[in-house]
Amino acid sequence: MKTKFKSNIVLSALLVLALVMQTLLVPASSTKAEDENGNPDPNFHIYIAFGQSNMEGNPAIEAEDLEIPDNYYMMQTADGNSERQVGEWYPAIPPLANSNAKLSLADYFGRNMVWLQQESNPDIKIGLIVVAVAGSSIKGFDKDTGADYYANEVDWMKGIAAQYGGNTYQRIIDMAKIAQKDGVIKGIIMHQGESDAGNSAWPTMVKKIYDDMIADLDLGDNIPLLAGQTVGNNNSNIRNLPNQSENFYEISSEGLDGDVEHNNAIHFTAANNREFGLRYAEKMIEVQPQYTFTEPVYEWSADNTKLTAKRTCNELSFYVQEETVDVTKTVTTEAAVGVEGLITYTSADFTNSAFIKQTKTETIPALVAPSAEPTTAPSIDDNAPAVEQTLKLSAVKCKKNTKKITGKVSKKGATVKIKVGKKAAKKATVKGKKFTLKLSSKLVKKTKVTITVTKKNYKTLKKTYTVK
């Protein structure tokens, strides 16, 4: 008894310390990685979790459960917590659901979502929105029936629901809308069904709740919902749930036998929840919507010392991956009399594997053979400008849905010709150093635009751009 008493004191001390640290390290600002336009962080992945007691968490929190990975957060969803404010992000130290909660499978779902992805994406952050009520029927989470359901339930259940304002569905939506300002909702997990094992309408009721969430949060049509089996792995409602939607998946509880030691065939143990959370995470990573991107566009700096690669996410138009690397210059062929030389520019390797090392070449003007000794010394004009080897282009604009191409050349008096796609090149209007070409039709995305600049005593410059 003394040994057990001492261990309980140690665990209690650790819990108190964790809560103190959590209070001191409120991460509300650290989770927000908005760009200058206020867009959410595409690497902050958010998951909604709801259900009854196994989602709320039944087994006691143990010392090992207090250690969480970096970049793992929970949003406070329940009222009445003196250390956490509703609608704010905190380190995801359990409990995650409400003041009645303990260790949940959601705890280890979130941890594993970080652990399993941080190597491939070091910037990954995971956030959970957990709303759970022990003993609740699926009716409690329905948009139209939830509030009335809890209002007519037993007092202890009313008390838990009251922490969510008596309306669990609305609390989920309210919290999720706040979360969408910081990150991107990637999926939904649930563990509910013990209270509705005999209700054959349960699968269609879950589908309605899912459809309402998708509509109210303006989510895509590919958001997965993962539902875990109950103890015994034989709940037919959960087994039949994937028939309702191609986005629904059953998570097996095979081998997770519940709290056998205490003859509890409803609740999972702490060890069960650690394993169950891993199963949820592995499936979510497999089925959650992935980002796709446009083909990379490469832009060389005017002096050819840098190369910038960019690509845009098809699902999140504000999400642009961009990387700039150094460029090395090599004279691959020396110029000779009457023969042009060649310079090769080679970019460094990109960190992002989607971007490929690039090379390009430019010619060096041929050397001029020395003339016979002049009978008279050539006159020298000290005020004559030095002849440049190359011209430069800058500020070129050729955007989709516009009817003109503009830019700037480095020298006045240059001639600018522009070729759009396969059409014949046209001469642009040049005023000073600025040039403009007006078009008869709007530019189309990905069209190639080739600009050729010529000027006496200067090397011809030719560059190709891609309409964005």
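A pocket here is an open set of points on a 1 Å grid over the protein atoms alone, where a 1.4 Å probe fits, with protein on both sides within 12 Å along at least five of seven lines; its lining residues have an atom within 4 Å of a point. This is a predicted model, in which local features need pLDDT of at least 70, side-chain atom pairs count only at pLDDT 80 or more, and totals for chains, interfaces and linings use all residues. Residues are numbered from 1 along each chain as its sequence is written.

**View 1. The largest pocket and its centre.** Welcome to a space of about 1300 Å³ (the volume filled by probe spheres set on the points, which are joined across faces, edges and corners). Of its 39 lining residues, Val 297, Tyr 298, Glu 299, Thr 466 and Lys 468 lie nearest the centre.

**View 2. Strands around the largest pocket.** Strand 20 (461-466) is among the strands that each supply at least two lining residues (strands are DSSP runs of E, at least two residues, numbered from the N terminus). The largest share, six residues, comes from strand 20.

**View 3. The second largest pocket.** This pocket has a volume of about 900 Å³. Look for Asn 43, Asn 121, Phe 293, Tyr 319 and Gln 321, which lie nearest its centre among 32 lining residues. Strand 10 (residues 320-333) gives the largest share of the lining, four residues.

View 4. The order is 16-15-19-20, with antiparallel pairing (two strands pair if DSSP finds at least two bridges between them). Strand 16 (426-427) and strand 20 are at the edges with a single partner strand each, so one side of each has no neighbour in the sheet.

Notes
Side-chain values use heavy atoms; hydrogens and water are left out.
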